[in-house]
Each structure stands twice: as C-alpha cells, then as structure tokens.
Amino acid sequence: MADQLVDREVAAEQAFVDRVYEQLERAGQAAQQLAKEGHSRGRLGHEGGLVERDAMVFQAAKRIAQLDAAHEGLVFGRLDLTDDVDPQPRYVGRIGLRDDEHDSLLIDWRAPAAAVFYQATAAEPQHVIRRRVLRATGPRVIGVEDELLDADAAASAEAAGRELPIVGEGALMAQLSRARDRSMHSIVATIQAEQDKAIRAPGKGVVSISGGPGTGKTVVALHRAAFLLYNDRRRYESGGVLIVGPSGVFMRYIERVLPSLGETAVALRSLGEVVDGFRTTRHDEPAVADVKGSERMAEVLRRAARQQAPGSPTEYRVFWRDDRIALDRGVLGRVRRNLMSQGRRNKQLPRVSSALLDAMWRQVRGERGREQGREKFDDEMLSRDDFLDFALGWWPPLDAPTVLGWLRDPELLARVADGVLSTEEQRLLLKSWSGRADRDLSIEDVPLLDELRYALGDVPQKADDDRDDPLALIQGAVDIQELMTASDREYAPSGRAWAPPTHSIEDDGFAHVLIDEAQDLTPMQWRMVGRRGRTASWTIVGDPAQSSWPAPDEAAEARARAIEGKQVHAFHLSTNYRNSAEIYEFAAAYAQRVGLAADLPEAVRRTGVPPTEVTDVADLEAATRDAVVATARQVAGTVGIVVPAARRSEVNAWLASWPELADDAAGARAAVDSSVPPSGDDRVVVLTGLDTKGLEFDGIIVVRPDEIEAESTTGRATLYVVLTRATQLLTTIR
C-alpha cells in the first residue's frame, strides 16, 4: 500500500512536470523566434534597425541560456497552503514560468513568493500545510519527500475533501545521504531557514556568513549571489559579480552552482587569478608566504615603484648656443621628486619631456640662447634623437612584473626593504624568486603585482599612427614592449604568463564581491580584493578556526579597511550538514585537544561508523593502498587522499601504480596540477591540506596527520579542516 501511494504521488507530480517542460519548450521557441526577428531588424538599412537587432539578439541569447541551464531539476518544490490563502498548490523551480494565459505556472526560487518554501517551520508554518520536494533526473520525477508543517490545518483540509498524504523520509536527510561527485551542487530544494535568512539579506553593505565546518556557508553564499542577480539584475549584471575562492580546485568544484541556478554573469576567480592577465596555482612555502602576505610589503613595493629603473641613464649633457646644459644626478633628483609628487609614475609620462626641458631651460644664461626663446629651444631639443632616447630611458613606462623583477637584485631589495623587513625576511624573498624561472610566480606574488600596478598606474596606450613617432612616446602614447630598455629586459620576467590588462585600474571595480574562505586571506590579499569592491556590496564567508594565516589581528585590520564605511549584517550557521556526527565528534575532539577556538556546530545525522585510526605503520604505501581500496568499495562518491605537501608526488605515483584503482589513476595525476581540470568521472584524488579548503568527499584518508600539522605555524587549523572534509568515512594513517 505504501509503495502504491508513492507511485501514485510520483505519477501526479510527473504529470505537472511534463506540463512545465512543455511550457519550457515553448518559451525556448519564443526566444529563438525573438533572435530571428532581431537579425531581420539588422537588414532594415538604418542605425535604428541595428540597435534593435543588437538589443533583441542579446536578450534572446540571455533567455536561451537561462532556459538551457534550467533543464536539470527544473521543478523541485511544492507548497500546499491553507484554503484561506490558496487552495491550489504552488510549485517552486529554478526559474519562473507562466502558462499560455500568463498565469504563474512555476515560481522562481528567488522570488518573494518562494521565500516561504525555505522559511516555514513546524513552529511557524506560515500557512503552509505540507512542503514537498520533488527528486528528479532530468525531466523524470523519481521520488518525492514531504514535511508536514501544520497537522491541525492538514486535518481540516482532509475534512474538507483535500487529500494531503505524507511521503518519504524528508528532503534534507535524503540530500545528505547522496554520494558526492567532483562538483558542488545547488541546494535550492533543501535550503534551511537559517540559511535562507542569509541568502535573502539586504543587498547593500556587507553580509558576513560565519559558522563551523559543514554548515553550508559556501553554497549559501553562492545562492545569495543568484538571489541578488534576480532582484536587481540591472545593477549586478552591469557592474559585475566577483566570486573569489582559495584555489583553482575549489573554483572548479563550485563552478556548476550558479549556472544551474540560471546565472552566468559572474566572474569566478581563485586568489591566483584575481589580477587580470595573470594566473598561477603554486603556493610559496609557509615562511615565505607569511612575509609576502604581511601588509609591510605594501611599503616595500611603494618604494620599489619610485626607484630609478636599473641601468637607466643618470645624466644628459648638451651644448646649445653659448651654454653647456647638464642634467646631472642632483637636477634629475629634483625633477624626479616633483613628478612623483603629482601622482602615479606612469601617469606622469606625458609630463616628463616638459619637466626635463624646464630644468634645462633654467640653465640657459647666454644672450644668444635667451634671444632664441623657449619655444625655439624646445623645438630643437625635441628634434634631437639623443634627448628623446635619454628621456625614454630615464623615465620608461613600467609594468608590475618588470618592477617585481627588480627585487631579485639583493642590493635593490635591501634598499627598499630597509627598516621594514629583516635580513632573514629579505633572504626568504630572494630565495623564493631567484630559485625559479622568472615566469614561475606564486599565488602569494599576485597581490604584490596588484600593489605595484596601482602604485605605478596605467600606461597610456599608443595609437597605431604614433608607432614610429618618438615624440609621441614620451608625451604619453606608449607601447610597453617597444620602450623597455636593455636593463629593463634583464630584470623583467622573460616568457612570463602575463598579459597587460586591457582596461584601466579605474575599471577594476565590481557591483558585488563574494569572498569565500575569508579567514585565509592575507592582509595583502585583502588590499587586492578591496580595490575591486570599493563601491560594491559584499558577501564574506569564513570560519576563524580554519584560518591558515598566522596573524589574524593584522588580517582583521586589513579586512576592516577593505569594507570601511559599509554596514555589516552578520549571520551565523549552526548546523553541520556535511559530516556524520561520528566524524565531526572526532574532529571537534582534536580541535579542543590542540587548543583551537573552534566554532562547533551540531551534526544532524549518524551513520554508526566511527573514524578509523591506523597506527604504528611499517609500510606506508601498503597501509594507504588498503585504506583507499576499502573506502572506495564502501562509498559511491569521491575519495580524497590528503597528504603532507612534501609527499604529494610520491603518493600520486603510488596511486597510478595500484591496479585496484587503475580507472582512477588519471584523475589522481590530474590533481597534482590543479590547473588541469578533472574529467568529472575520476573518484580518487590526492590533495594537500590547503587544497581541501571548501571541498567535501564521501571518504577521506589522511596520511601522516602529524606531518600536516607540522608544516606551518597554522598546521593545527589546517589538519582540523582536513578532518572535517569527509561525509561518510574517515581514516587516519599515522
């Protein structure tokens, strides 16, 4: 009888879902027709037709993309309300649709009318009798999960002839038991009340979302971004939404969430990709990262941006009429200080020639020279190749990688770091840069590039008709590659992965900035992200106990400056939906034992399977293989092998050689280089502790946790993070 009831309810919902997909198909055809009509407007032969064509085709393309993204799980919710509110069921989905009579067929989950789907509880049902979640694969309904919120209202409805049977174990528990794959998924069907409050918080100011591991901070923040785009699309699409996460692995993990919600107008960037034109996936060792992340580096870089380019000319001498004119170190120093006082270095390029000519004209004392006048003097100097070469060499246009390359010189670094960085800190910086190829910069170098870019200013770009005009070059229309002097080329990274941004630093800003794993941002990274959010609203997600930055007070000050003047709305998530209670109790006990001030949320489910600890291991490879094979056989989803950074290559080689996991070896090798996206079918990956930030797996094997703990001053927090990544099985191998 129970099976018959389920089949009957599924069939009823399938009939409605079929109707919705038919309407979706008609909406798609209408969008295609709009695009076709738009193209025909372009053949009218006047500018108005072209404008109409562009507008119509653009809107049609957006609608088609939205409809295409909505196919998977299009309809996921149903609300049955009390008769006095609405006797007809309301359906909630990824997008809104109307029927042919323009009546609401499907409510967009972001719409105010859908809020009650997430906010209603048994304590406050808000006129909801039954909340139903539809589980579907494509257009096929495979199950339903009900929650009875108002038993008295249900009895009254049944007495009046409305049948409202309750089916299933509850949508949230069903979702939590689902196997994980290599991507994060939308939770629109299972958003809980405390999460919904953060999602629908005011659009202005800063929304801060905190909470312990597994509370859904990341996915709530992503749904908030979709909610903001839905409610004020003009503002957020025109200004842009920037989402910043800790790593490329993490960004690929979350990249499907927003498109699945119908949103594509978002820039997703890891911390190694925030600066346009540059991308890197490599971290520095912790001691170096601590130096580069400190806000003291801002002063070092400010000084570096004011230095004379290495190898540039130091004097210019010329005889004009009866006078010997000299631009020596003293004169040039005064000119230099005057130019620097007027703004960013590259912005002064149009003023360089006139400033030099002013200093030279003041040295004209002879009667013949004075009779010729200033205009004649300027014309003659600007026609001399040696003067133009001097001006271009003395004040060349500079880009950020070039100036960062100067700091490979120990003498120059010592000069700009004097009184700011210790000798040991300077040694660490030199080692990090000089021991690698010029183009091999790190994630921690990216904020330094951004700092220099803002200190230097944009280089005015040269027009094509100025290409062979030296005078135009020193008057502001410049080409970076042509004007680099020989010494600049010596210091600049060769073959670097850098393309100068195509827009001004004034255009770096976004309408909304979302920062995930915010507790890990260094002060320099906060400065970098802050520049992109000066006029933006913000969503900041993090848990201080999971921080890998050793100076939290310094980071907190930098964060406060980044969002200065903005009202903060704080939300705290208190329930751990990721881990089984057995796994989280193990992780929480570790946090308390090592003295972490951890936020300990309550885990809502138990599996009866405690974590496994393997100790006194003689053969590490064999023990790891046995644990991985056993875990892969017990779970249907992903398995993570978390290792100390120094062991990553070794363990990847093991994995590739294990015949039991041959099908997964390619995925493990791809995981070594996080710039290589996984195929999506590989279940087993090898990661370091930092790589696991924000991720989750069905099973986790932690190899040598004591070594992970010892990797840095924040190793305990990193290991705590690692221990909270598993949803079902956790094994530690000591």
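Predicted model: local features only at pLDDT ≥ 70, side-chain atom pairs only at ≥ 80, totals over all residues.
User: How much space lies in the largest pocket?

Analyst: The largest pocket holds about 950 Å³ of space, and of the 41 residues that line it, those closest to its centre are H283, D284, E444, T688 and L690.

User: Which helix gives the most to that lining?

Analyst: That is α11, which contributes 3 residues, while α11 (286-293), α29 (648-657) and α32 (715-723) each supply at least two.

User: And how do the lining residues divide into nonpolar, polar and charged?

Analyst: The lining of the largest pocket has 11 nonpolar, 19 polar and 11 charged residues.

User: Switching topic, how many salt bridges are there?

Analyst: The count comes to 48 salt bridges, including one between the side chains of R19 and D99 at 3.8 Å, N to O. That pair links distant parts of the chain, with R19 in helix α1 (residues 2-41) and D99 in the loop between β3 (97-98) and β4 (104-108), 80 residues apart.

User: Is D99 buried or exposed?

Analyst: D99 is buried because its relative accessible area is 13%, under the 20% cut-off, whereas R19 is partly exposed at 42%.

User: What does E295 pair with?

Analyst: The side chain of E295 meets R527 in a salt bridge at 3.0 Å, N to O, and R561 in another at 2.4 Å, N to O. R561 lies in helix α26 (residues 552-562) and E295 in the loop between α11 and α12, 266 residues apart. E295 is buried, with a relative accessible area of 18%, while R527 is partly exposed at 28% and R561 is partly exposed at 42%.

Key
Residues numbered from 1 in each chain as written. Heavy atoms only, no water. 1 Å grid on protein atoms, 1.4 Å probe; cavity = no way out; pocket = protein on both sides within 12 Å on 5 of 7 lines; lining within 4 Å. Points joined across faces, edges and corners; volume = space filled by probe spheres on them. Helix = DSSP H or I, 4+ residues; strand = E, 2+ residues; numbered from the N terminus. Nonpolar A, V, L, I, M, F, W, Y, C, P; charged D, E, K, R; others polar. Salt bridge = Lys/Arg side-chain N within 4 Å of Asp/Glu carboxyl O. Buried < 20%, exposed > 50% of the residue type's maximum accessible area, 1.4 Å probe, protein only.
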